[in-house]
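Here is a short report on a protein model. Look at the structure first, then read on.

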Number of protein chains: 2
Amino acid sequence: MTDQLTQLKQDFTEGLSQISKFWGFPKGMGAIFGVLYLSPTPLSLDELVQNSGLTKGAISTNVRALSRMGLVRLSTKLGDRKDYYEAETDFYKSIRAILKERQNNEFELAIQSVSKALEKLEEGVGSENETEHQFLLERLRALQSFFDALDGLVKSVVRLEGMGITTVEKILSILK
Amino acid sequence: MTDQLTQLKQDFTEGLSQISKFWGFPKGMGAIFGVLYLSPTPLSLDELVQNSGLTKGAISTNVRALSRMGLVRLSTKLGDRKDYYEAETDFYKSIRAILKERQNNEFELAIQSVSKALEKLEEGVGSENETEHQFLLERLRALQSFFDALDGLVKSVVRLEGMGITTVEKILSILK
DNA sequence: TAGAACGTTTAGTAAATACTAAACGTAGTA
DNA sequence: TACTACGTTTAGTATTTACTAAACGTTCTA
């Protein structure tokens with residue numbers, strides 16, 4: 001392999017590392033995905049060690065996270081007990097998986113914290129000061145309906161089966 | 001103010017802190033926004049110190065970031081040299097501002113790293129091995145067109161003037 | 001049953017990040 | 001000019017996070 005090509009691949013995975021970090025994922029996750037995405041064949045854990053510079057442990061945990069998010073698929077060879085990993089190439093599918101993953105964790109909790117507060121207000125907490133009570137009710141209700149809208153959006157994207165470039169184009173046409 | 005109400009407010013800002021962290025922003029940013037969002041009147045830096053538990057320095061920098069993202073507005077009183085801050089209540093407006101902010105920074109760079117790699121490939125780097133060269137071209141082109149689609153989406157959202165709940169509903173109707 | 005070849009888990013460490021405390025700059029005020 | 005009231009910047013620190021190295025458990029093989 002030419003040095004230039006090696007360099008190109010390194011730059012690419014470096015770029016993906018940045019993207020990964022940017023979206024709040026570990027840098028290494030991006031790097032691992034990058035290596036897999038540029039590989040024509042599935043790679044074993046040891047091959048990933050060689051190509052990414054990370055150690056087994058790090059790759060083991062990161063690759064598991066990637067699998068959960070649907071960005072990486074596990075494959076095996078008959079008579080070979082190694083695990084092999086390959087990059088998912090349908091990014092729209094991945095988006096759905098990632099949203100689904102996030103939905104269950106922190107996202108739902110965020111919504112709950114608002115509705116919990118709202119509940120208490122409606123039960124009468126703080127109603128001694130009527131104007132403030134009214135103000136808080138208003139604000140929290142507005143926030144809740146915003147979250148509900150987002151939640152609905154996320155849920156319907158997660159449900160979506162045939163999402164792809166045409167879906168994006170349809171949305172674009174709405175946004176004028 | 002009742003203890004219950006104080007507690008409710010604290011729980012709420014705690015919740016916003018979590019959300020903030022989740023989306024890759026400092027925890028304190030969420031807390032500051034939470035305090036402002038629950039205040040009927042704009043607050044000064046010192047009032048924020050009292051209500052958020054953070055120090056002046058932290059608030060100064062966080063509030064600036066919030067301003068840039070359009071989540072907080074600065075207001076002043078005549079004959080008073082303090083700065084006063086209030087929460088933006090139009091969240092759709094905020095989304096646009098946040099996307100705009102992010103677009104210019106990391107997001108664009110990510111796209112560039114892909115197209116840079118693609119460029120080199122098309123200039124012939126790595127073409128000694130024809131099948132691999134072809135493979136890499138294919139993969140990078142797919143990734144680039146995905147990024148382009150996202151970029152278009154983000155750009156049109158940023159441009160959007162009257163975004164609101166109806167926009168969300170329109171999109172929902174498309175997603176069936 | 002012993003050994004080898006795996007992936008996983010853990011304990012410790014390095015690196016990144018957000019904060020505090022205090023110095024600082026600047027602009028109003030006596 | 002000196003003093004005060006601000007917001008900002010900086011240097012240092014605490015906390016969090018992601019990683020390494022190594023121990024570990026399990027499964028296959030001789």
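## One residue in a helix

His133(B) sits in helix H6 of chain B. The model is a predicted one. Is His133(B) buried or exposed? Its relative accessibility is 9%, under the 20% cut-off, so His133(B) counts as buried.

What does His133(B) touch, leaving aside residues up to four places away in sequence? The list is Leu121(B), Gly124(B), Val125(B), Gly126(B) and Ser127(B).

## Where the chains meet

Now turn to the two chains. On chain B, 55 residues are in contact with 56 residues of chain A. Together the chains bury about 5,300 Å². Carbon and sulfur atoms account for 79% of that area. Three residues stand out: Phe22(B), Arg139(B) and Leu175(B) give 13% of the area that chain B buries against chain A, more than any other three residues.

How many salt bridges join chain B and chain A? The count is two. One salt bridge pairs the side chains of Lys9(B) and Glu132(A), at 2.8 Å from N to O.

## What chain B brings

Several helices of chain B each supply at least two residues to the side that touches chain A. They are H1 (3–22), H2 (27–37), H5 (91–122), H6 (130–159) and H7 (165–174). H6(B) gives the largest share, 14 residues.

By class, this side of chain B has 36 nonpolar residues, 10 polar and nine charged.

Technical notes
Residues are numbered from 1 along each chain as its sequence is written. Chains are lettered from A and ligands numbered from 1 in the order in which they are written. This is a predicted model: local features need pLDDT of at least 70, side-chain atom pairs count only at pLDDT 80 or more; totals for chains, interfaces and linings use all residues. Side-chain values use heavy atoms; hydrogens and water are left out. Contact means heavy atoms within 4.5 Å. Buried area is the accessible area (1.4 Å probe) that two parts lose on being put together, summed over both. A salt bridge is a side-chain nitrogen of Lys or Arg within 4 Å of a carboxyl oxygen of Asp or Glu. Helices (H or I, at least four residues) and strands (E, at least two) are DSSP runs, numbered from the N terminus. Ala, Val, Leu, Ile, Met, Phe, Trp, Tyr, Cys and Pro count as nonpolar, Asp, Glu, Lys and Arg as charged, and the others, Gly among them, as polar. Buried means under 20% relative accessible area, exposed over 50%, partly exposed in between (1.4 Å probe, protein chains only).
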